[in-house]
Amino acid sequence: MHAPSRPDYVSIHFTGQQPGSYNNGKQWRRQSYWRKWKQLSRLQRSLFLFMLVLLFICGLASYSSVTKQLRGFTVREQETESNILLKPIKPHVLPEPVKQGQDPLAEQPSQRKLSNKRGPPVLPNRLQKKGNASNILSEVKAADIKKEGEEERVISWRGAVIDTVQATEGAKDGENKEDSPGNRNINQSKVLETERMEAVRESFRHAWKGYKEYAWGHDELRPVSRSYSEWFGLGLTLIDALDTMWILELKQEFEEAREWVASELTFNKNVDVNLFETTIRILGGLLSTYHLTGDNLFLDKAKDVGSRLMPAFNTQSKIPYSDVNIGKGTAHPPRWTSDSTVAEVTSIQLEFRELSRLTQDPQYQAAVAEVMNQVHKLEGKLDGLVPMFINTNSGQFTHQGIYTLGARADSYYEYLLKQWIQGGKKENQFLEDYLQAIEGVKKNLLQKSSPNGLVFVGELSHGQFSPKMDHLVCFLPGTLALGAHNGLPADHMDLAKELMHTCYQMYVQMETGLSPEIVHFNMHQGSVRDIEVKPADRHNLLRPETVESLFYLYRFTKDRKYQDWGWKILQNFNKYTKVSSGGYTSINNVCDPDYPSPRDKMESFFLGETLKYFYLLFSEDADLISLDKYVFNTEAHPLPIWPPAEPQPL
Ligand code: DMJ
């Protein structure tokens with residue numbers, strides 16, 4: 001055998017120049033390279049070209065992954081199946097502990113002198129001095145009495161006289177004089193707006209991908225196990241997300257979901273559902289989607305589910321039961337009690353009132369108005385604050401003496417204001433109760449933490465103050481701001497801003513940059529940190545309240561720091577809760593960035609509320625669901641504010 005004339009391996013020689021042949025001319029070099037190239041075998045030339053192409057592709061791939069990371073996305077999509085779980089790119093570094101007397105927080109409220117006495121220190125006058133509810137109400141009422149041909153005007157939170165009917169949406173260009181590091185020029189804003197809104201759409205698509213692949217038509221995605229969980233068996237996530245898809249202009253996704261509603265969704269099912277959850281998520285979602293799209297399919301479905309929920313109101317007291325069997329038409333309280341939750345029975349009104357308006361059938365509105373009238377008259381409130389439970393037999397509050405703005409009471413306060421707005425600001429009983437309650441909050445629940453004086457809303461249990469605050473309470477800054485926007489006192493906006501700052505601190509002070517479910521504030525002089533988290537409270541359920549409030553605060557102040565805060569939160573959701581195969585998961589531990597410990601559940605409100613509020617927060621378009629035309633239900637479903645000519649409230 002003789003050696004093959006062409007070697008079967010690649011041999012590329014970069015030989016030096018031959019002695020005596022030195023020529024520094026470009027021409028010579030070109031000819032010489034060309035000659036050498038021609039001397040290579042065909043295989044050698046092909047392999048050389050192949051390697052060049054390969055290098056080019058690798059270069060392109062690494063460039064795109066770098067840009068992806070720069071945009072705040074995780075590398076988790078590239079991870080293997082075995083470690084899909086939430087490994088952060090870079091652990092979050094906890095800020096240095098704050099030394100007493102230092103001023104580490106932006107916009108830090110003034111320091112309060114703490115007394116040595118046991119029990120909660122007294123709040124500074126700034127938050128208490130604004131007078132009682134009846135004074136405020138008479139001011140608002142005075143402003144509401146509109147003489148013929150005269151505009152309705154009250155003093156707004158911005159200190160200017162505004163028209164409460166046309167209530168302006170946010171500050172006009174150039175009006176924002178606040179010295180915020182978030183301020184930037186118009187071009188930068190436009191770029192950021194586009195980038196951030198697109199990032200939300202991307203997050204939605206990712207969440208939807210998981211839902212579509214592993215939970216289609218079921219209530220909730222379990223993204224880690226790539227399965228689903230059923231609560232009512234009504235496609236909860238899909239319905240909750242309908243109007244979000246419409247607002248985010250995710251047309252294809254919306255059409256697929258609409259098709260499911262048209263062909264698969266039925267309420268004729270022997271299933272127990274929770275009246276409140278079904279009302280705010282399903283009835284609310286269908287009604288708002290009907291309004292946004294004008295598609296009667298959604299109205300028909302809303303009527304169907306609304307009428308099936310009505311048996312809940314067949315109680316001795318007319319205070320509804322918590323559970324209804326929508327197939328059988330029977331209702332009952334939870335197995336262990338005949339009580340209902342106050343927030344639940346008082347946060348279904350926007351939806352049922354709207355259903356009456358659309359169907360011209362007064363029964364829905366009458367049923368929920370009866371609940372409000374009774375609660376209005378009940379004994380057992382503290383300065384307008386309500387207990388957490390109400391008995392469906394007696395119609396009285398139970399478990400009295402505990403007052404919170406968190407779980408079981410939260411949306412009672414939200415719906416007082418929002419019913420007043422929905423009905424065209426005519427139903428003064430709602431306004432009266434709302435104003436009184438806010439005064440009650442200031443008087444009984446508002447305190448400041450140590451060392452940095454974060455203003456927070458605690459709880460009261462039989463006269464004993466507890467510095468505990470649920471993340472749920474973070475709806476309050478947004479609600480206060482909405483009230484101020486609608487002509488309520490300027491100090492509501494001051495308080496909204498203070499609480500907004502606190503809610504944001506509940507995120508940034510955690511190692512993952514995500515808020516826990518519950519925090520406790522330190523109030524002792526000499527505390528090292530303001531916020532403590534108990535081991536059982538370290539979870540994050542992808543809740544919306546802080547983002548919701550950021551949206552309202554930004555709409556009304558145009559202070560870009562609120563957008564920047566929201567952006568950080570979105571990035572942390574992406575970093576710690578995104579599951580590579582699709583979807584986002586609740587986590588068990590916001591204090592451990594190395595292992596936040598997924599709970600394997602994507603709540604429907606992540607799509608219904610959290611992502612929607614992110615999108616609206618980043619948008620500069622105040623007409624994108626104008627707050628002078630729509631009022632959001634407590635699940636972020638926008639319902640129209642009734643035009644003045646519409647039927648009057650009962
Ligand atoms: C939602 O279902 C609603 O926002 C409700 O008012 C409170 N809980 C969740 C979100 O956290």
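1. Across this predicted model the protein averages a pLDDT of 81, and 73% of the residues score at least 70, where pLDDT is the predictor's confidence in each residue, from 0 to 100. Over residues 1-32 the pLDDT is below 50, and beyond near neighbours in sequence this stretch has 12 contacts in the model, a contact being heavy atoms within 4.5 Å. The pLDDT is also below 50 over residues 144-181, a stretch with 71 contacts beyond near neighbours in sequence. Where pLDDT is low, the predicted coordinates should not be read in detail.

2. Because this is a predicted model, local features need pLDDT of at least 70 and side-chain atom pairs count only at pLDDT 80 or more, while totals for chains, interfaces and linings use all residues. Residues are numbered from 1 along each chain as its sequence is written, and side-chain values use heavy atoms, with hydrogens and water left out.

3. S340 has its place in strand β8, strands being DSSP runs of E with at least two residues, numbered from the N terminus. The residue is buried, with a relative accessible area of 2%, where buried means under 20% relative accessible area (1.4 Å probe, protein chains only).

4. What does the side chain of S340 reach at 2.8 Å? It reaches the backbone oxygen of P320. Not counting residues up to four places away in sequence, S340 touches P320, Y321, S322, V345, M388, F389, I390 and T392.

Key. Helix = DSSP H or I, 4+ residues; strand = E, 2+ residues; numbered from the N terminus. Buried < 20%, exposed > 50% of the residue type's maximum accessible area, 1.4 Å probe, protein only. Polar contact = N/O pair within 3.5 Å; in protein donor to acceptor, adjacent residues only side chain to side chain.
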